[in-house]
Amino acid sequence: MRVLLDTHILLWALVEPNKLAQATRVRIEDSESEILFSAASIWEIAIKLSLGRLPAQARPDLIAHAAVESGFVELPVRAEAAAIVAKIPLHHRDPFDRLLVAQAIAEPAVLCTVDKKLSRYSHLVKII
């Protein structure tokens with residue numbers, strides 16, 4: 001199964017794994033799962049860090065490196081996914097979340113998130 005991690009889930013998986021439910025940790029650690037993290041999440045982390053909304057240890061370069069070291073696969077932002085953003089309804093205004101949904105649709109991959117608003121977009125969005 002291909003699983004795309006929302007930014008919160010990516011941070012929790014790498015920095016605070018105790019915040020994840022046991023079932024989520026099992027899915028992430030399952031060797032049958034391909035765990036993806038988006039370049040958009042690294043960009044979101046960079047912006048939130050520069051605005052002081054994340055702790056200093058959440059440096060985007062370190063998070064990206066830790067993700068790769070953990071066996072996660074970086075998912076670049078492709079034109080196809082960017083174009084899908086224009087086609088999906090405006091259920092959610094966060095541009096990063098909308099792009100993650102579009103990437104999940106384009107790949108396809110299951111998007112794991114805690115944001116219940118995102119479930120209105122697709123059956124591919126799984127709330128954990």
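**Exercise 1. Which residues does L99 touch, not counting residues up to four places away in sequence?**

This is a predicted model, in which local features need pLDDT of at least 70 and side-chain atom pairs count only at pLDDT 80 or more, while totals for chains, interfaces and linings use all residues. Residues are numbered from 1 along each chain as its sequence is written, and side-chain values use heavy atoms, with hydrogens and water left out.

Step 1: locate the residue. L99 is found in helix α6, residues 95-106, where helices (H or I, at least four residues) and strands (E, at least two) are DSSP runs numbered from the N terminus.

Step 2: list the contacts, taking contact to mean heavy atoms within 4.5 Å. Leaving aside residues up to four places away in sequence, L99 touches A40, V77, A81, A82 and V85.

Step 3: classify the burial. L99 has 11% relative accessibility and therefore counts as buried, since buried means under 20% relative accessible area, exposed over 50%, and partly exposed in between (1.4 Å probe, protein chains only).

**Exercise 2. Determine the strand order of the sheet and identify its edges.**

Step 1: The open sheet has five strands in the order β3-β2-β1-β4-β5, with parallel pairing.

Step 2: find the edges. β3 (73-75) and β5 (125-127) each have a single partner strand, so one side of each is left without a neighbour in the sheet.

Step 3: look at one pair in detail. Strand β2 (residues 34-38) is joined to β3 by three bridges, and F37 stands opposite E74 in β3.

**Exercise 3. Classify the aromatic pair and the burial of its two residues.**

Step 1: apply the criterion, by which rings of Phe, Tyr and Trp (its six-membered ring) pair if their centres lie within 6.5 Å, with planes under 30 degrees apart counting as stacked, over 60 as edge-to-face and the rest as tilted. The structure holds one such pair. The ring centres of W43 and F96 are 5.0 Å apart and the planes stand at 80°, so the pair is edge-to-face.

Step 2: compare the accessibilities. W43 counts as exposed at 52% relative accessibility, whereas F96 is buried, with a relative accessible area of 12%.

Note on methods: Two strands pair if DSSP finds at least two bridges between them.
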